[in-house]
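Subject: Handover of a structure

Hello,

I am passing this structure on to you, with notes on what was found in it. Please look through the sequence and the model before reading further.

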Amino acid sequence: MDRLKSSWSPPLAIFPHLARECVRTAAVPNGHCAVPIPPHNAQPRRDRRAKAENGLGGARTLRGHARRGHYQKGWISGLSGTNTAHADLLLINGRIWPGGPARHMEEALAVVGGRVLAVGRTADLMPLAGPDTRVIDLRGRTAIPGFNDAHAHPITLGLHGTRIDVSPRAVRSIRDIQEKIRAAAATRPPGTWILAAGYDDAHLAEGRHPTRDDLDEAAPNHPVFVTRTDLHMGVANSRALEAAGIKEDEPDPPGGSFHREGGRLTGLIVDNAMQRVFAHVPPPTVDDLVEAVAWAAREFNRWGITSVTDAGVGLVSGADDLLAYQAARQRGRLTVRFTLCLLADAALGGRPTAPAALEAGFATGFGDEYLRLGPVKFFADGSASGRSAAFSRPYLDGTSYGILTHTLEELTEQVRRYHRRGWQVAIHAIGDAAIEQVLDVYETVLRECPRENARHRIEHCGYVQPAQLERLGRLGVLPVPQPVFMHIFGDGYLRHLDEERVRRAYPMRTFLERGLKPSASSDAPVCPANPFLGVYAMLTRKSPSGRVHGADQCVDIYQALAAYTSGSAYTTFDETRKGLLAPGFLADVAVLSQDIFNASPDELLATEVDLTLCGGQIVHDRLGETR
Ligand SMILES: [Zn+2]
């Protein structure tokens, strides 16, 4: 081990420098992140010289990679000495997909200091095994770079783990929801809140939202609030409306609404109006939030996910969300790398965390490889299935166009402040009218204050028009789509939108062909964290009913996996660290229960993850094979 230390401590010591460098430069007004970035297509290639230099046969190593100039100077300055290092960990006899544009498999992978040291044939890498090296025989199993979920809500997902589950997985009807609420009410003193989450009216036997009366029937003496799967609306019972002080003639707040039938509140509350209810629900403590983060991290690990962007830190408990991540880190509960997208507006009942961070001089990039500040987050509209996404043409009812959360002027003014201070900006926009507004905002701020490589994002970017695709490319704005929506919500969209619009929604193939660098994500708990659902959706665009929504937008398995790994890494400026199993990259790996490259899409849905490695550490072991 001494030999390992003396030979390899210099290169490892330079890695933290990357994060520091990013912080220092990203905060400069108008500046951009100066992290040394190799070409995006950096990938392992056969190099015969490496064989002579490192004595490792045809293996690609960190040192060989650097010598070929795939990394800029900062990466290779610390590389010296001639000793061959021992690996901390070797994965051998596998079918290892190196990620990115690669369409070949490697057999073995060596890890040192949490990073990939080398990839190649088993025989070539075995010399890296020393007395302390852990060797895991993959026995022919498939391994891929750890999944990277570019847009999820980990704390909400974790809290849902403790809330009453009324998702389509758990209930089939409003009657089922009532039973679950009734059971909860029986165990809690009258007056205490009952929170349930995840219902989808499209999947309920009654084909409608629950009403306050449905919930009153189940729990007349408890305030009850049941949120819909898209998190953009929820249903309150009479006690909850009363507790929140919402009167029958309550005016709608900007960007939200209280639904009524015959002049009476139905209990259904949309978007910004939900804040009125959340303000009266006792908030979770920081400890509750830490447990939620830890619960979510375990859930992500179970699915081979090693990096996640929290798409709205502050949505649950304001600044406590941020505290919870830090506490989870300190308590050793973070087994996923989180990029934190700070909430910049008070949408969906959240409390903004971005303004204070801006004020204090932070910017995108601050942090380290486990916890880092990402973009700031705004909302431009709602959801398509909830008919609150903003469209230029009406929904099928012929009269509603959805809701724009901000005026153009207001959103531009807000975004401008962050853009000028070096922040990446992420704006939720689903309908084409919202996407248009966001592109107008980005175009204005980029013209006023040009910033190279700002990588501003459009979260969801679902119903994008052809002319808008051109603008995305020209402005370097990244779509951050959830292809899994086409699988889970595809049929539901048709209740409100014409077939033509649904067929062209979330166009992964077009995004790829136009070089727009799409990522992939689950929006969990809006959809399950399981990335194989998203991969399946990218391959088939098929609903559980068997209906296919736009077959011409299907992509192949390599493209789907690349979107979910290196594509997502690009959205957080991590393409030199994540998404490839190549020398120098973080050793974040998922070992799968089956060969997904040769499985049919339907077979692929049954994939489980046997092992998940984050920084070379085993964070999930389904079969207990390493214990
Ligand atoms: Zn979201």
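A donor here is an N, O or S atom within 2.8 Å of the metal (3.2 Å for Na, K and Ca); water is not among the atoms, so sites may look incomplete. This is a predicted model, in which local features need pLDDT of at least 70 and side-chain atom pairs count only at pLDDT 80 or more, while totals for chains, interfaces and linings use all residues. Residues are numbered from 1 along each chain as its sequence is written, and side-chain values use heavy atoms, with hydrogens and water left out.

The zinc site

The protein donors of the zinc ion are H151 (NE2), H153 (NE2) and D523 (OD), and they lie 2.1 to 2.2 Å from the ion. Along the sequence these donor residues follow the spacing H-x1-H-x369-D. H153 sits in the loop between β8 (147-152) and α7, and D523 in the loop between α21 (508-513) and α22 (531-540), so the pair ties together parts that are 370 residues apart in sequence. Helices (H or I, at least four residues) and strands (E, at least two) are DSSP runs, numbered from the N terminus. H153 is buried, at 6% relative accessible area, and D523 is also buried, at 6%. Buried means under 20% relative accessible area, exposed over 50%, and partly exposed in between (1.4 Å probe, protein chains only).

The chain as a whole

The chain has 24 helices and 23 strands. Of its 627 residues, 62% count as buried. Contact means heavy atoms within 4.5 Å. Among contacts in the chain with a separation of 6 or more, 73% are between residues 24 or more positions apart.

Grid points are joined across faces, edges and corners, and a volume is the space filled by probe spheres set on the points.

There are eight cavities of 30 Å³ or more. The largest cavity has a volume of about 170 Å³. It is lined by 21 residues, of which D230, H232, S383, F485 and D523 are the closest to its centre.

The largest pocket holds about 870 Å³ of space. Its lining has 34 residues, and those closest to its centre are L159, R163, L195, P284 and V316. The helices α7 (154-160), α11 (275-278) and α12 (286-302) each supply at least two lining residues, and α12 gives the largest share, five residues.

Helix α12

The buried residues of α12 include L289, V290, E299 and F300. After α12 comes G304, whose phi is positive, near 75°.

F511

F511 is found in helix α21 and is buried, with a relative accessible area of 0%. Leaving aside neighbours within four places in sequence, F511 is in contact with residues including C461, V464, P479 and Y506. F511 and P479 are 32 residues apart in sequence and 7.9 Å apart in space, C-alpha to C-alpha.

Regards

Conventions:
1 Å grid on protein atoms, 1.4 Å probe; cavity = no way out; pocket = protein on both sides within 12 Å on 5 of 7 lines; lining within 4 Å.
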